[in-house]
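Subject: Structure handover

Hello,

Please find the structure below. My notes on what was found in it follow.

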Amino acid sequence: MTPEDTDADDDASVIARSRHEPSLFAVIFDRHSRHIHRYAARRLGPATADDVLADTFLIAFDKRAKFDPARSDARPWLYGIATNLISRQRRAEVRELKLRLAVGPPAADEGHADRVADQVTAQALATRLDRALAALRPRERDVLLLFAAEGLGYQDVAEALGIPVGTVKSRLNRARGRVRAELGAFDLVKETSGHG
């Protein structure tokens, strides 16, 4: 069997089959590695993201026999593993956010005036957002970033973190309030129709 034979299969089927054909687990990596890498890079910076990505998939491969076959999508499970790895590096995450504050935004490209104005606005907002994220409690930051930045729904965040949906909602509510207080009039964490 080849990875191409798995195109129509959901993640649970691929993971189940990978128990007998370990090379099929590469399909899970191909489907989700960019999401996990983006999440880790956003939290710890690009240098550490590669290590988190590798460790996430090594752990997932080792624990694939324990994957719940009722889950068709492996992303919440993978985000949960990545979040646990990131939690071991909380200091690195706060250091990354503070480094971005200290260094400031990257220089704007020369180009159209509107584009430059948009970049300046976004950079100013990014600085305030980094400050707000650094000030959040780690558990609130986990929920907020999985929900707002990664686009997971309440149930997926709950599965990723191993907590009840009600706890997701209360942590998200507290995180939103703190971010709103930091950002003032801006509200970057509005719910979108894609969240569950």
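Glu 140 has a relative accessibility of 2% and therefore counts as buried; buried means under 20% relative accessible area, exposed over 50%, and partly exposed in between, with a 1.4 Å probe and protein chains only. This is a predicted model, in which local features need pLDDT of at least 70 and side-chain atom pairs count only at pLDDT 80 or more, while totals for chains, interfaces and linings use all residues. Residues are numbered from 1 along each chain as its sequence is written, and side-chain values use heavy atoms, with hydrogens and water left out.

Glu 140 belongs to helix 7 (residues 138-149); helices (H or I, at least four residues) are DSSP runs, numbered from the N terminus. Beyond its neighbours within four places in sequence, Glu 140 is in contact with Arg 171, Arg 174, Ala 175 and Arg 178, where contact means heavy atoms within 4.5 Å.

Salt bridges

The whole structure holds 11 salt bridges, each being a side-chain nitrogen of Lys or Arg within 4 Å of a carboxyl oxygen of Asp or Glu. One of them joins Asp 142 and Arg 43 (2.7 Å, N to O). That pair links distant parts of the chain, with Asp 142 in helix 7 and Arg 43 in helix 2, 99 residues apart. Asp 142 is buried at 5% relative accessibility, and Arg 43 is buried at 1%.

Another salt bridge is formed by Arg 131 and Glu 182 (3.5 Å, N to O). Arg 131 lies in helix 6 (residues 113-135) and Glu 182 in helix 9 (residues 165-183), so this pair ties together parts 51 residues apart in sequence. Arg 131 is partly exposed at 38%, as is Glu 182 at 29%. Glu 140 comes back here: salt bridges with shared partners join Arg 137, Glu 140, Arg 174 and Arg 178 into one network.

Aromatic rings

A search of the whole structure gives 5 aromatic pairs; rings of Phe, Tyr and Trp (its six-membered ring) pair if their centres lie within 6.5 Å, and planes under 30 degrees apart count as stacked, over 60 as edge-to-face and the rest as tilted. Tyr 39 and Tyr 79 are edge-to-face, at 5.2 Å centre to centre and 90° between the planes. Tyr 39 sits in helix 2 (residues 25-44) and Tyr 79 in helix 4 (residues 75-87), 40 residues apart. Both Tyr 39 and Tyr 79 are buried. Phe 147 and Tyr 154 are stacked, because their planes are at 25°, with centres 5.1 Å apart.

Regards

How values were computed. Helix = DSSP H or I, 4+ residues; strand = E, 2+ residues; numbered from the N terminus.
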